[in-house]
Amino acid sequence: MVKAVAGGGGRGMRQVVDPAQLDEAFARSRSEARLAFGHDELYVERLMRAAKHIEIQVVGDGSGTVVHLGERECSVQRRHQKLIEVAPSPSLNDDQRASLGALAVRLTESVKYSSLGTVEFLVDADALKDGKLSAAFIELNPRLQVEHTVTEEVTGVDLVAAQLRIAAGASLTELGLLQVEVPAPTGFAIQSRLNAERRATDGETYAATGTLSRFEPPGGPGVRVDTHAQAGLILDGTFDSLLAKIITHTRHGGFPAAAAHADRALAELHVEGVETNAAVLQAVLTHPAFVSGEVTTSFMTEIAGELPVNASTNPLPEGDGVAGDVHVVLGGTVVAVPVMVGDTVTAKTPVVIVESMKMEHVVTADAAGVITKVLVAPGDQVHESQVVVHLDACLDSVDSGHEVEEIDPDHVRPDLAEVIDLHAAILDDARPQVVQRRHQTGHRTIRENLAELVDPGSFREYGRLTVAAQRRRRSVNELAAATPADGIVLGLATVNSNGVPDFGQCVVMGYDYTVLAGTQGFFGHRKTDRMLALAEQQALPVILFAEGGGGRPGDVDVDDITSSMLDCGTFAALGRLSGQVPLVGVLTGRCFAGNAALLGSCDVVIATKDSSLGMAGPAMIEGGGLGRFAPEEVGPMSVQVPNGVVDVLVEDDAEAVEVAKRYLNYFQGPHEKHTHADQRVLRHLVPQNRMRAYDVREVIDALADTESVLELRRGFGHGVITALVRIDGRPLGLVANNPGHLGGAIDADAADKLARFLQLCDAHGLPIISLCDTPGFMVGPESERDATVRHFSRLFVIGAHLSVPIIAIILRKGYGLGAQAMAAGGFRETLVTIAWPTGEVGGMGLEGAVQLGYSQELAAISDRDERQRRYDELVAEQYESGKAINAARVFELDDVIDPADTRGAITGALAAWRGPDAGRRRRSYIDTW
């Protein structure tokens, strides 16, 4: 919605549903606002399509106490002008009206409001049907409103008298309102606005002009008419077309009875000499949607074809011109005359613009010709059917002396040329020295990286003409050259669409390190907030290139409106997206402070090997008295990879972009084309010798589709492997114990790594394959110093809340709590738990079980060799009992399979999965750790 800041009554207001309409809507709204209010400032807000217009009447005496007198519903509108108002709203329940009233009081009490006021809201009609309240504040009108009458009727409070008494210094107590607070409404009151207007057969509505020859309003109990109309009144279109307000108050019978009462009152109305909208009002009052309280602000548009017409049957006057004279079809005020005598016009050329009924109407020529006389000027009043322009419509005349100018589609006007030049100035081609310096660091510019990331031609940039908020320090031209786009390039684009329409839409954002070291500027934050809001509204993935130095202290233009920027919403906005959409963070250089905080909020961090990443940069560290360090010394990759901050380490910018695209693609659906290794090789990758180590990554590579494995956090938590994979083209999460590290035991770091990966898969709906080969969790005094109890227990809590399935495959060892953690808490918590022939399960490691369970027996054997022989026998017995095949015989496992059949077992199990259980919601966010 485009609205006038000083507006009201529908003036200066336009609905825009197509970006191509915005320029025209902006121009017309500005013109209307300037004419109506003397000010042409505009603002825009979100369009709520299924909306009810609800307003709260408040009264305050300036003491800080405000009372509200209930609500009015004003949803019956035409071109944003109210036609029928109701009090109270038939659509709200007591809790909803109390909530809106409380909001209105909270707002007005905060400024110690004095006098009458109306706090207006748009209320989502669809939410009301579900018993919920979703409201958006529109405005506060600090005055008496046209529709105050219905509130007076149902509360018994004379609002006009109250306003005058407060202006004279009376308090709410003296008015008797403080004790009443919210007077209980009695019945329903309906106000019908009777306008002097005619509705033509084409559905357009025009102000009616003429002289009232008869005006007899209705009367009787429960009927009130506010008007100055009387027989003999001349209507020339100069003023608002409102003739009278017909108010009815019905105490009993509910809202249907109130609607019928209002309809009867209009039936008793008699007006002659000027057309009115009485029949239209009656059609609304008797409409089933109105009677049932289901109307929204789009109601009049929806029933336009059902409404009666009262188009004038008077023929147009002949005038004193020649054929082709241009007439106005409505009365009003001439706003502009864009033609002059001698101008050649074609059909549909605008010749006069008339303001009527708070709207501007363009009067166009009906045929080609030459303007011979202009009869009106801006500011003139015109009446219906008046001739405003004489037009010589003789085609011979047009052809002989006045060539119709043809539009050259390739012509670039000066205003357009200025925009084109500004767009070109921000591109890399216009900044060769800056680009060269960037390339010398071994990195590409942000525009080069984004061009490589997104599908060709799909990037639609937002805010590219912004500059740093430093106009007090530097000229606009200097800022445009030095701070293009305020140091952050962002917009919408498709990634990995492969030519499929409407696929792969993403928000892409990248700080420009060539602009003030990629710092976060005031307008940059506003741009970022805009894109993150779009990501939330449209559920779009976000890809963030985060290189930069954090907050920018040099944006002095905003010193008058902010002192700390701590009310910035960017960080919370990105945080809200966690778990809702994929968040991909990319770092190709240095990243500190605020930039690092945003990067760390992403699901995955991809960084080049020469990057530095820290929550404070060298300047902040030195300012804190902690010493002087080079950027390369603060959070190098030799620190941030082993500690788990960085998920994927890459060689350079090109690989970073390629990995970002690969990562995102796992959340964009299955692949139709795929290949895989000969699955028979899986039979030989786990040694038959249960004590022999092996590389589980070879198992993963052979099991998954060819080149479909993307391992995350490889340098951290070595005891487990977490990777995104595809099997038969379907994206999946995969976790695996690593027997090459601590024998596959799960330590604190491995538990954290595994826990967060489970969250990631759950948030984005990826089923999980768990390859289990673990003796359990890491034990010992040193392990407890790492808070293993808490870290390891996360796996059970997270596993119990997963909405995606886990398919557990016991490759070899499946012992104790570690094996249960790999299976979402237990072998019965999975979609299926199967084992390879090499599998073995037990309540703890076999050797430990023997040592604990048979300690006394073994201690009683004095001969060392005999004791070892007995120990080996007991371990063998435990192994035989815990072999996968024996566990399957007592149904601890769902099956033991040929390793070559593993892919089929996975796809078969997933075919039975129908999505998350209705009662199990996905995680609302993903832990940053």
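I started at V419, which sits in helix 12 (residues 414-425). The model is a predicted one. V419 has a relative accessible area of 32% and is therefore partly exposed. I then looked at what surrounds it on the surface: V412, L416, V419 and I420 make up a nonpolar patch there, with about 290 Å² of accessible area together.

I found 64 residues in the largest nonpolar core, where L453, I543, I606, Y663 and L795 have the most contacts. Helix 23 (residues 748-763) contributes the most to this core, nine residues. Another core lies apart from it and has 36 residues, including L243, V280, L281 and M300. I also listed the contacts of I606, leaving aside neighbours within four places in sequence; among them are V584, V586, L587, V648 and V659.

Then I went through the salt bridges, and the count came to 44.

E24 pairs with R28, with the closest N and O atoms 3.8 Å apart. Both are in helix 1 (residues 22-37), four residues apart, about one turn of the helix. E24 is partly exposed at 47% relative accessible area, whereas R28 counts as buried at 18%.

E147 and R193 form a salt bridge at 3.0 Å between the closest N and O atoms. E147 is in the loop between strand 7 (135-141) and helix 4 (148-155), R193 is in strand 8 (residues 188-195), and 46 residues separate them. I found both E147 and R193 buried.

E461 meets R447 at 2.9 Å, N to O. E461 is in strand 25 (residues 460-462) and R447 in helix 14 (residues 446-453), so this pair ties together parts 14 residues apart in sequence. Both E461 and R447 are buried.

Last, I traced shared partners: E55, R72, K82, E85, E120, E147 and R193 are joined by salt bridges into one network.

Methods. Residues numbered from 1 in each chain as written. Predicted model: local features only at pLDDT ≥ 70, side-chain atom pairs only at ≥ 80, totals over all residues. Heavy atoms only, no water. Core = buried A, V, L, I, M, F, W, Y, C linked by side-chain atoms within 4.5 Å. Buried < 20%, exposed > 50% of the residue type's maximum accessible area, 1.4 Å probe, protein only. Helix = DSSP H or I, 4+ residues; strand = E, 2+ residues; numbered from the N terminus. Contact = heavy atoms within 4.5 Å. Patch = residues over 30% accessible without salt bridge, like charges linked within 9 Å, V, L, I, M, F, W, Y side chains within 5 Å. Areas by Shrake-Rupley, 256 points an atom, 1.4 Å probe, with all protein chains shown as cover. Salt bridge = Lys/Arg side-chain N within 4 Å of Asp/Glu carboxyl O.
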